[in-house]
Structures are given as C-alpha cells and as structure tokens.
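I opened my notebook to look around one protein model, a feature at a time. Come along and check each entry against the picture.

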Amino acid sequence: MEMFLQQLVNGLSLGSIYALMALGYTMVYGIIGLINFAHGDIYMVGAFFGFWLITGLGLNIVPALILTMIFTAILGVIIERVAYKPLRKSTRIAALITAIGVSYLLQNFMIYYVGPEVRAFPTSLPNLSLDLGLFTISTQQVVIFIVTIILMIALQYTVRQTKMGQGMRAVSVDADAARLMGISVDNVISFTFAIGSALAGAGGVLVGIYYNSISPTMGLTPGIKAFVAAVLGGIGSIPGAMLGGILIGVVESMVSMIGLSTWRDAAVYFILIIILVFKPSGLLGKGTQEKV
C-alpha cells in the first residue's frame with residue numbers, strides 16, 4: 001500500500017506537468033482545429049530560458065517561472081502570426097506539416113545555439129522530503145502541485161469569467177458568427193496561443209525542477225504524451241486535458257511500480273490506440289456529427 005501511494009503521488013506530480021502541456025494542445029485545437037506539434041518544443045525552449053534566467057541572471061525560481069511564461073507566450077504568438085496565420089484558409093494537412101516543420105526548426109536552433117548535451121537544471125529549492133506516514137512528498141513535488149493548481153484555476157477563471165474567455169468560447173463554436181458579433185478572431189487566436197505557450201513554458205521549468213536535467217530534444221516525447229493526454233481527456237475540452245494529463249502520469253508511475261519501467265512509453269501509446277478505437281471523442285469529449 002505504501003508503495004502504491006508513493007507511486008500515486010509521483011504520478012500526480014508528473015501528470016500535472018503533462019496536464020499543463022495538454023491544455024495548450026486542446027485550447028489551440030478547440031479554437032482553430034490545429035494540432036500544434038511545435039508545442040513540445042516551446043516547452044523545451046521554456047526550460048532553457050528558465051535555465052538561463054537562474055544561472056545567468058541569478059533569479060529565484062518564482063520570477064524565473066513568471067518571466068519564462070511571458071517569454072514563451074510571446075514566442076507562441078510570433079509562431080502563430082508567422083507560420084500558422086498565412087495558412088489559416090489552407091488545408092489541415094498543410095498546417096500540420098508546418099507545425100512539424102516549426103518543431104524541428106526550434107529543436108535544431110536550440111541544438112545549434114546551446115549544444116546537444118544534457119544540462120543540469122539548477123534550483124534554489126531545498127532538497128527536503130516530508131514524511132506523511134504512508135508516503136513522502138518532496139519540495140519539488142509540492143512546488144509542482146501548487147504552481148499547477150494556481151495556473152489551472154487562473155485558466156478556468158480566464159475562460160469562464162473574462163471577456164476574452166467569452167470570445168474564445170464563441171470562436172470555438174463558430175468563428176464566422178463570432179466575427180459578425182464584433183469579436184476579433186485574430187486577437188482571440190493569438191491570445192489562445194499565448195496562454196497555451198505560457199503553460200508549456202511553465203511545464204518546461206517544472207520538469208527541469210522535477211528531473212534536474214534538460215536537453216534540446218526533451219520536448220519530443222513529453223509533447224507526444226501531452227497530445228495523448230489531450231486525446232484521452234477529449235481534445236478541445238479543458239477539464240478533459242487536465243484529467244488526461246493526470247491519468248497519463250499515474251499510468252506511467254504504476255507501470256514503473258510493477259517493474260516495467262522500460263514499457264512506460266509503450267503503455268501511453270497503447271492507451272492512445274484504445275481510446276481512438278473505442279471512444280475517439282475522449283473521456284470528457286463530446287461526439288460531433290459532420291454533414292457529408
């Protein structure tokens with residue numbers, strides 16, 4: 001039981017990071033129907049920007065996290081305006097190929113700029129563990145839980161209570177009708193990319209804290225897993241992305257607990273296949289009907 005609870009805590013902390021990334025996927029898809037495969041590399045850029053803020057400027061983890069979110073939000077808007085906006089009226093496959101191209105562009109730029117080697121991520125957090133009897137929780141995990149909860153509450157408030165959030169919901173239902181109602185669709189799309197990229201940047205810093213290492217290729221596998229989490233919860237559903245990220249993290253930890261750590265990635269992809277076969281709309285997603 002103690003091992004189960006400990007792995008559950010580990011899975012929740014890892015799943016919280018996946019959830020932050022999955023939110024970016026699901027928000028962008030809900031607005032413009034694009035799977036932004038460059039999202040994982042924005043997460044990677046955020047990790048390195050946070051690394052530079054801490055090592056180069058000597059900032060603490062909190063201001064480094066905030067500045068990283070601002071930087072990745074700006075980066076996300078630039079990518080949307082330069083790479084995706086000109087293709088908004090094109091076919092989905094054109095936008096998808098562009099997203100893959102942006103992903104490789106960011107990855108290879110970082111390899112050229114910082115080198116391909118793995119770097120140790122510094123943190124000023126004390127390396128302490130709180131023993132709660134049946135399980136222990138580290139300082140890093142506490143920080144991940146707190147940051148994730150704050151960001152998710154802020155996101156829900158933004159989407160449900162603000163004018164821009166109302167615009168996001170309107171555009172996700174019908175962009176043309178929203179435009180006729182005076183909503184700036186371009187601004188809503190840019191805002192969505194900014195929010196999603198900011199969450200990815202926060203995830204990059206948090207995963208650096210959690211694993212204490214970063215690399216220019218670190219965005220590939222977590223990016224795909226976050227996409228799986230978004231599909232699992234229901235692509236386009238914000239609560240679904242949160243749930244899917246948590247479930248993926250817990251599944252990985254449980255697979256490792258039974259001694260199959262080398263199969264943890266395969267387990268995630270197996271879940272994707274099962275979901276696509278039996279419930280393509282995801283756990284919290286709603287099935288849609290298309291006229292043919």
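Predicted model: local features only at pLDDT ≥ 70, side-chain atom pairs only at ≥ 80, totals over all residues.

**Entry 1**

I began with Phe 109, which is partly exposed because its relative accessible area is 48%, between the 20% and 50% cut-offs. Tyr 113 has 61% relative accessibility, so I put Tyr 113 down as exposed.

How are the rings of Phe 109 and Tyr 113 arranged? Their centres are 5.8 Å apart and their planes meet at 5°, so I noted a stacked pair. Stacked is the word because planes under 30 degrees apart count that way. Phe 109 and Tyr 113 are 4 residues apart in helix 4, which means about one helical turn separates them. The background I jotted beside this: an α-helix has 3.6 residues a turn, so residues three or four places apart point the same way.

Trp 52 comes out as partly exposed, because its value is 45%.

I also found a cluster in which ring pairs link Tyr 25, Phe 37 and Phe 227.

**Entry 1: the largest pocket**

Next I turned to the largest pocket, whose volume is about 1,600 Å³. It is lined by 48 residues, and those closest to its centre are Tyr 29, Gly 30, Ile 31, Gly 33 and Ser 172. Several helices give two or more residues to this lining, among them helix 1 (2-32), helix 3 (61-84), helix 6 (163-173) and helix 10 (238-257).

Which helix gives the largest share of the lining? I found that helix 1 does, with 6 residues. Sorting the lining by kind, I wrote down 24 nonpolar, 13 polar and 11 charged residues.

**Entry 2: helix 5**

I checked the length of helix 5. It has 23 residues, and at 1.5 Å a residue these should span 33 Å; the end C-alpha atoms are 32 Å apart, so the two values agree.

Then I listed buried residues of helix 5, including Val 143, Ile 144, Val 147, Leu 151, Leu 155 and Thr 158. What covers the buried residues of this helix? The cover includes helix 1, helix 3, strand 3 (136-138), helix 6, helix 8 and helix 10.

I stopped at Thr 158, which belongs to helix 5. Its relative accessible area is 19%, so Thr 158 is buried. Apart from neighbours within four places in sequence, Thr 158 is in contact with Gly 165 and Phe 191.

**Entry 3: a buried lysine**

Where is Lys 225? I found Lys 225 in helix 9 (residues 220-233). This lysine is buried because its relative accessible area is 5%. Setting aside neighbours within four places in sequence, I noted that Lys 225 is in contact with Tyr 18, Glu 252, Asp 265 and Val 268.

**Entry 4: two loop residues**

Asn 212 lies in the loop between helix 8 and strand 4 (213-214). I marked its phi, which is positive at about 60° although Asn 212 is not a glycine. Background for that mark: most residues other than glycine have a negative phi. Asn 212 is partly exposed, because its relative accessible area is 42%.

Gly 236 sits in the loop between helix 9 and helix 10. With a relative accessible area of 41%, Gly 236 is partly exposed. Neighbours within four places aside, Gly 236 is in contact with Thr 26, Tyr 29 and Gly 30. Tyr 29 and Gly 30 were already in my notes, among the residues closest to the centre of the largest pocket. I also noted that Gly 236 and Leu 283 are 47 residues apart in sequence and 12 Å apart in space, C-alpha to C-alpha.

**Entry 5: the last look**

My last stop was Ile 61, in helix 3. Ile 61 is buried because its relative accessible area is 10%. How far apart are Ile 61 and Pro 122 in sequence and in space? They are 61 residues apart in sequence, and 9.3 Å apart in space from C-alpha to C-alpha.

Key: Residues numbered from 1 in each chain as written. Heavy atoms only, no water. 1 Å grid on protein atoms, 1.4 Å probe; cavity = no way out; pocket = protein on both sides within 12 Å on 5 of 7 lines; lining within 4 Å. Points joined across faces, edges and corners; volume = space filled by probe spheres on them. Nonpolar A, V, L, I, M, F, W, Y, C, P; charged D, E, K, R; others polar. Expected span 1.5 Å × (residues − 1). Buried < 20%, exposed > 50% of the residue type's maximum accessible area, 1.4 Å probe, protein only. Contact = heavy atoms within 4.5 Å. Phe/Tyr/Trp six-rings, centres within 6.5 Å; stacked < 30°, edge-to-face > 60°.
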